[in-house]
Amino acid sequence: MPADTPNGLYGPENLPYGVYSAAGDPGRRRIGVRLGDDVIDLGAAATELGSPHAALLTAQTLNPLLAAGRPVWTAVRADLRAWLDERPGALPRVPLADVRLHLPFDVADYVDFYASEHHATNVGRIFRPDGDALTPNWKHLPIGYHGRAGTVVVSGTPVVRPHGQRRTPDGPVFGPSRRLDIEAEVGFVVGAPSRLGEPVPQAAFRDHVFGVCLVNDWSARDVQAWEYVPLGPFLGKSFATSVSAWITPLDALDAARCAPPERSHPLLDYLRDDAASGTEPGGFDLRMTVTLNGHTIAEPPFSAMYWTAAQQLAHMTVNGASLRTGDLFASGTVSGPEPHQRGCLLELTWSGEDPVELPGGTRTFLEDGDEVVITAWAPGPHGSRVGLGEVSGRISPAAAG
Ligand code: MN
């Protein structure tokens, strides 16, 4: 089994980037690269080994590296691979268990999409049982909304149950959300910015997108259902969005590229990605697992997503909106065609009608103390597997009042 190689899902074909502080020096943040169960101190390695990019790699966030662009990303990764091959003993490293992981980049703008046809269809049936499951625009553009960048938190950060308005037969009431949910998603981290007024075509995806993380877009469904008409998600989403501490570079996912599902409707030129359009395969074969209190509740396949990240990038800039270093755009809930492939409790329990069975009882929505962990892996080169960093969070009781 590839996962039994010495470094497991974090071998030399992976090498995700993060930011950590060591136990003995908690005030200093450093850029690290995960190898197996160790973290390589990338700044120290680059300095000792004379890398021309040492200044970027001794920063306290990934942003300077992100801003440097693809030629530098490729060069840094090539250097790291060469160091690992030729002088692995020269690389300063610490056990992962001895470090604290931080939010690895300063999030600029956060956009969340709605790219799974299975998720959108299920949610449409639940929220609008008398109408068409998919809205008329769904097959023509990747639907999204601008989220709240300032409340993106790193994996492991407790999530406080939010307060909000919910609708009752007697009118709206205010209090802690009773329908707190997850959304298992994949996030794409923008490195190189773009200029205002200049759309970014799908073909420039690799020039602008640095890498991939896992995302849990926590959602208060009762708040969401009451507030979202007509402008979309707001306070039901903005209280917290968790991201994994490790950003896997796109270059580590070349073997995972795959064609997206066949398009059932013709697309406008800037979104076309059929063979004749000349675009590279836009999908990623990421196998996700969602656990609730240690018990697997879903295994969503990212390869089933209808809209690709390249299409999302092209769409969110086609009006001339510019990209900034640190922009994060997430896929939307990843759900496959099968019931056990649904990436949120709203779908898994069919809006609470069909509870999920757990060893210690059942769940419709999250209870205080519940812990959700999302993991994923992708096929790597030569039969290896590339792990994405996990994203976890535990629900804390609502604040008093
Ligand atoms: Mn979402």
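Val 159 stands opposite Ile 395 in strand S26. That pair belongs to a parallel pairing, in which 2 bridges join strand S9 (residues 159–160) to strand S26 (residues 385–396). The model is predicted. The protein chain is assigned two domains, domain 1 (17–102) and domain 2 (110–396), and a search of the whole structure finds 2 cavities of 30 Å³ or more.

**Strand pairing around S26**

- Besides its parallel pairing with S9, S26 pairs with strand S25 (residues 371–379) in the antiparallel sense, over 8 bridges.
- S25 and S26 form a hairpin, with 5 residues between the two strands.
- In the turn of this hairpin, His 382 has a positive phi of about 55 degrees.
- In general, the strands of a sheet pair through backbone hydrogen bonds, in either a parallel or an antiparallel sense.

**The five-stranded open sheet**

- An open sheet is formed by 5 strands in the order S4-S3-S2-S1-S5, with antiparallel pairing.
- Its edge strands are S4 (93–95) and S5 (99–102), each of which pairs on one side only.
- From one strand to the next, the twist averages 45 degrees.
- Strand S1 (residues 17–22) pairs with S5 over 4 bridges in the antiparallel sense.
- Tyr 20 stands opposite Leu 101 in S5.

**Domains**

- The domain assignment puts residues 17–102 in domain 1 and residues 110–396 in domain 2.
- Taken over C-alpha atoms, the centres of domain 1 and domain 2 are separated by 29 Å.
- Across the two domains, 19 residues of domain 1 are in contact with 19 residues of domain 2.

**Largest pocket**

- The volume of the largest pocket is about 560 Å³.
- This pocket is lined by 30 residues, of which Tyr 114, Ile 143, Gln 224, Tyr 228 and Pro 233 are the closest to its centre.
- Strand S6 (110–113), helix H5 (117–127), strand S7 (144–146) and helix H7 (221–227) are the elements that give two or more residues to the lining of the largest pocket.
- Helix H5 gives the most to this lining, with 4 residues.
- By class, the lining of the largest pocket comprises 15 nonpolar, 8 polar and 7 charged residues.

**Second largest pocket**

- The second largest pocket holds about 300 Å³ of space.
- Its lining has 18 residues, and the closest to the centre are Val 111, Phe 113, His 146, His 315 and Met 316.
- The elements giving two or more residues to the lining of the second largest pocket are S6, S7 and helix H8 (309–317).
- S6 and S7 are also among the elements that give two or more residues to the lining of the largest pocket.
- The lining of the second largest pocket divides into 9 nonpolar, 7 polar and 2 charged residues.

**Largest cavity**

- About 60 Å³ of space lies in the largest cavity.
- The residues that line the largest cavity are Phe 188, Gly 282, Gly 283, Phe 284, Phe 302, Met 305, Trp 307, Thr 308, Ala 309 and Gln 312.
- Strand S19 (283–284) and H8 are the elements that give two or more residues to the lining of the largest cavity.
- H8 likewise gives two or more residues to the lining of the second largest pocket.
- The lining of the largest cavity has 6 nonpolar residues, 4 polar residues and no charged residues.

**Second largest cavity**

- The second largest cavity contains about 40 Å³ of space.
- Tyr 17, Arg 70, Trp 73, Arg 77, Phe 210, Pro 249, Leu 250 and Asp 251 make up the lining of the second largest cavity.
- Helix H4 (residues 70–86) supplies the largest share of this lining, 3 residues.
- By class, 5 residues of the lining of the second largest cavity are nonpolar, none are polar and 3 are charged.
- The second largest cavity lies between domain 1 (17–102) and domain 2 (110–396), because both domains give residues to its lining.

Methods: Residues numbered from 1 in each chain as written. Predicted model: local features only at pLDDT ≥ 70, side-chain atom pairs only at ≥ 80, totals over all residues. Heavy atoms only, no water. Pairing = 2+ DSSP bridges. Axes fitted to C-alpha atoms, helices over the stretch in contact; angles between N-to-C directions. 1 Å grid on protein atoms, 1.4 Å probe; cavity = no way out; pocket = protein on both sides within 12 Å on 5 of 7 lines; lining within 4 Å. Points joined across faces, edges and corners; volume = space filled by probe spheres on them. Nonpolar A, V, L, I, M, F, W, Y, C, P; charged D, E, K, R; others polar. Domains from an automatic or database assignment. Contact = heavy atoms within 4.5 Å.
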